[in-house]
Amino acid sequence: MSYKPFDLTGKVALVTGGNRGIGLGMAEAMAQAGADIVIWGTNAERNIEAEGKLLQYGVRVLAQTVDVSDEHAVVQGMNEAVEAMGTVHSVFANAGVGYRSNSFIEMTTETYRKTLAVNLDGVFWTFREACKHMVARAKAGDPGGSIVGIASLAAISGPARNQAYAATKGGVVSMMKSVAVEHARYGIRANAILPGWIATDMTAASQGNQVFTDKVISRVPSRRWGQPEDFGGIAVYLTSDASSYHSGDSFLIDGAYAIF
Ligand SMILES: NC(=O)c1ccc[n+]([C@@H]2O[C@H](COP(=O)([O-])OP(=O)(O)OC[C@H]3O[C@@H](n4cnc5c(N)ncnc54)[C@H](OP(=O)(O)O)[C@@H]3O)[C@@H](O)[C@H]2O)c1
């Protein structure tokens with residue numbers, strides 16, 4: 001007899017920023033485990049490409065053009081997803097942006113606001129609309145649900161020249177804990193994932209930088225960049241019934257970088 005809770009057949013998982021990078025890595029793993037998938041992104045072409053990849057796993061896929069920095073778009077997007085898929089069991093607030101600055105004292109207010117708009121406002125609206133749906137479902141007799149915020153190692157380390165980004169990621173962890181405590185009575189759990197150095201479009205400049213490779217990646221005990229597929233296992237776990245008593249936690253997935 002095999003252990004069944006990791007079978008996601010019948011579950012619906014929504015991933016913001018699911019058309020590439022870490023979001024697509026999580027979405028592909030959950031689709032392979034049998035979950036129907038909803039992805040959000042602002043780029044319609046990338047959405048279509050990712051939708052095609054996910055459909056290969058034989059699950060239902062809905063790709064929506066949703067800008068998470070737009071409250072109305074998030075409200076409408078969540079309503080449309082629930083309408084189309086019947087329900088949503090897990091929601092991964094993963095969409096994120098990072099803007100480099102030469103120093104904190106040169107960091108513009110525009111950069112600060114743009115970072116907060118996606119990484120913090122977007123997570124707030126995504127969490128709130130997901131909870132709205134899950135609480136209503138619980139009150140109708142079907143409790144449960146999994147809320148996941150994709151934060152960063154930057155939430156717990158001191159990333160130089162990255163104060164706006166770090167603030168948003170620390171905020172995601174705090175918001176997650178607050179959501180977890182308030183919604184446990186509905187069977188809803190909330191957790192955060194903190195990726196370390198992951199090879200995606202967001203880190204493209206660093207991947208091509210020899211100084212960065214020598215000074216940072218060579219210090220990662222796992223001796224490599226993390227890959228989007230390294231986030232598949234945690235996504236399947238957090239959507240599955242195997243994690244039904246696991247809430248309020250932060251999962252650091254960084255090849256042991258932070259403890260070295
Ligand atoms: N890569 C790393 O080393 C690393 C480390 C720690 C944490 N993280 C976090 O992990 C998450 C995913 O990062 P990644 O590395 O996979 O980045 P990525 O490859 O640049 O992908 C970002 C994703 O977010 C979407 N997105 C951006 N702005 C959006 C908006 N306003 N509304 C909706 N979707 C939006 C993008 O889709 P569109 O282009 O279609 O909008 C894309 O799917 C982010 O929250 C990031 O901060 C990454």
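Helices (H or I, at least four residues) and strands (E, at least two) are DSSP runs, numbered from the N terminus. This is a predicted model: local features need pLDDT of at least 70, side-chain atom pairs count only at pLDDT 80 or more, and totals for chains, interfaces and linings use all residues. Residue numbers start from 1 along each chain as its sequence is written.

**View 1. The shell around the ligand.** The ligand is surrounded by 32 residues (C-beta atom, placed from the backbone, within 6 Å). The closest are Gly17, Gly21, Gly41, Asn43 and Gly96. Helix 1 (21-32) and strand 2 (36-41) each supply at least two shell residues. Helix 1 gives the largest share, 3 residues. By type, the shell has 13 nonpolar, 15 polar and 4 charged residues. Here Ala, Val, Leu, Ile, Met, Phe, Trp, Tyr, Cys and Pro count as nonpolar, Asp, Glu, Lys and Arg as charged, and the others, Gly among them, as polar.

**View 2. Packing of helix 1 and helix 2.** Helix 2 covers residues 44-55. The two helices pack at about 25°, with axes 9 Å apart. Helix 1 is therefore roughly parallel to helix 2 (angle under 35 degrees). Axes are lines fitted to C-alpha atoms over the stretch in contact, and angles run from 0 to 180 degrees between N-to-C directions.

**View 3. Helix 4 and its end.** Helix 4 (residues 109-139) bends by about 40° at Ala117. The bend is the angle between axes fitted to the seven residues ending there and the seven starting there. Just after helix 4, Gly141 takes a positive phi of about 105°.

Conventions:
Parallel < 35°, antiparallel > 145°, perpendicular 65-115°, else oblique.
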